[in-house]
Amino acid sequence: MLLLLARDMQWRWRRLVAGVIATALVLAVTLLLGALRESFLAETERTIAFFGGDVWVVPGDTAGPFTSNSPIAASVADDLRAHDDVDDATPVAIFRHAVEGIGDGFTDVSVIAYEPGGVVEPVLQEGRAPAATGETAVDERTGARMGDRITLAGDVFTVVGIMQGFTMYGGTPGILLTLEDAQRTAYGGEALASAVVVAGSPDDLPDGLIAQDPDQIGDDLRRPLAVVTGALGVLELVLWIVAAAIVGLLAYLSSLDRQRDVTVFKALGVSSGRLVVIVLAEGVVTAVLGAGVGLVLGIVLVPLFPIDVAVSPTQAVVLLGLAVVVGMLAGSLGIRRVLRADPARAFAALD
């Protein structure tokens with residue numbers, strides 16, 4: 001049966017190649033959409049991990065520090081440090097802005113500010129974290145280099161550090177400031193913060209404040225991208241259906257071409273089950289070859305994306321596994337013709 005399958009595919013190699021190419025193009029796009037969706041989720045995890053801490057203290061009437069602009073007094077951190085169940089507490093400020101001095105015009109950035117020497121311990125690719133006013137560390141995607149000077153809301157900052165993967169909201173590069181600088185820009189110089197990151201688990205909080213764990217903070221950061229990630233998921237499903245339709249059409253056409261062959265095999269005593277296996281196997285081979293070519297094509301196209309996108313081994317395995325399922329479902333379109341084939345028709349030409 002395997003030899004028969006190989007001979008049959010060799011005889012119809014042009015159709016097989018066309019099907020593999022069409023399937024590969026569709027599955028490459030499917031793979032990239034899935035990788036893009038995963039990159040958004042991974043970006044959120046990297047951002048939350050950057051801050052560290054066990055809980056975040058935020059205003060009780062807001063969804064979280066990333067989607068609400070309701071600052072609290074930075075002095076809350078001092079009050080929390082006095083608790084026995086708190087090891088340390090660091091006020092942070094989070095907001096979006098645009099800077100000048102990087103290329104032409106303005107560059108949109110996500111600003112993260114903190115008090116040095118606390119819970120937040122930045123990990124840099126090059127240089128050091130800002131420790132004094134007028135200093136900043138930036139994500140490499142800004143294009144800035146060590147020693148560059150950038151302008152934020154009229155204030156000039158010197159780049160003292162370069163970070164990698166420090167992005168939010170679907171690839172917007174981040175910049176790191178001291179809390180004092182951010183308070184001047186975002187709060188008119190008042191001693192305010194977006195939240196307090198706490199190492200420990202405070203039981204008693206000031207009125208109007210609540211504690212959120214990193215998972216809740218992550219949900220707050222992901223919420224603005226929920227529509228995008230949901231749309232990507234729908235597109236993935238649609239493209240899988242398109243891929244199944246392509247493979248299914250090829251399997252159906254092959255079953256039409258093999259109609260007389262099937263009747264001859266049945267007349268010679270070959271069971272319907274073995275013939276069904278051939279039809280299913282051809283669909284699976286087409287889908288798997290398309291998935292393999294699509295996987296290579298997707299990996300080649302990854303560097304074209306303006307954000308960090310990577311095809312993980314898990315995604316590759318899932319792609320190949322789903323390709324097997326899609327190939328079997330698509331190949332099943334030709335099974336009915338195999339089962340209904342009449343062996344007597346094999347001798348119709350002899351009448």
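**Close-up views of a predicted model**

View 1. In E10, Val 138 finds its bridge partner in Ile 175. E6 and E10 run antiparallel and are joined by two bridges. With E8, strand E6 runs parallel, and five bridges join the two. Look for Thr 136, which stands opposite Val 159 in E8.

**View 2. Thr 172 in strand E10.** Staying with E10, we turn to Thr 172, which lies in this strand of residues 172–178. Is Thr 172 buried or exposed? Its relative accessible area is 11%, so Thr 172 counts as buried. The side chain of Thr 172 makes a polar contact of 3.3 Å with the side chain of Arg 96. Leaving aside residues up to four places away in sequence, Thr 172 touches Arg 96, Asp 108, Val 109, Ser 110, Phe 166 and Thr 167. Two of these names, Phe 166 and Thr 167, return in the views below.

View 3. Thr 167 belongs to strand E9. Because its relative accessibility is 5%, Thr 167 counts as buried.

View 4. Searching the whole structure turns up five aromatic pairs. One of them is formed by Phe 50 and Phe 166, whose rings are tilted, with 4.9 Å centre to centre and 45° between the planes. This pair links distant parts of the chain, 116 residues apart: Phe 50 sits in helix H2 (residues 13–51), and Phe 166 in the loop between strand E8 (155–163) and strand E9 (167–168). Phe 50 is buried, with a relative accessible area of 12%. Phe 166 is buried too, at 9% relative accessibility. Trp 56 and Phe 66 make another tilted pair, at 6.0 Å centre to centre and 45° between the planes. Here too the pair links distant parts of the chain, 10 residues apart, with Trp 56 in strand E1 (residues 55–59) and Phe 66 in the loop between E1 and strand E2 (72–73). Both Trp 56 and Phe 66 are buried. Which residues make up the aromatic cluster? Phe 50, Phe 51, Trp 56, Phe 66 and Phe 166 form one cluster.

**View 5. Helix H5, its cap and its buried side.** Our last stop is helix H5, which spans residues 214–222. At the N-terminal end, Asp 213 caps H5, with a side-chain oxygen 3.0 Å from the backbone nitrogen of Asp 215. Which residues of H5 are buried? They are Ile 217, Gly 218, Asp 220 and Leu 221.

How values were computed: Residues are numbered from 1 along each chain as its sequence is written. This is a predicted model: local features need pLDDT of at least 70, side-chain atom pairs count only at pLDDT 80 or more; totals for chains, interfaces and linings use all residues. Side-chain values use heavy atoms; hydrogens and water are left out. Rings of Phe, Tyr and Trp (its six-membered ring) pair if their centres lie within 6.5 Å; planes under 30 degrees apart count as stacked, over 60 as edge-to-face and the rest as tilted. Helices (H or I, at least four residues) and strands (E, at least two) are DSSP runs, numbered from the N terminus. Buried means under 20% relative accessible area, exposed over 50%, partly exposed in between (1.4 Å probe, protein chains only). A polar contact is a pair of N or O atoms within 3.5 Å; within protein, one must be able to donate a hydrogen and the other to accept it, and residues adjacent in sequence count only if both atoms are side-chain atoms. Contact means heavy atoms within 4.5 Å. Two strands pair if DSSP finds at least two bridges between them.
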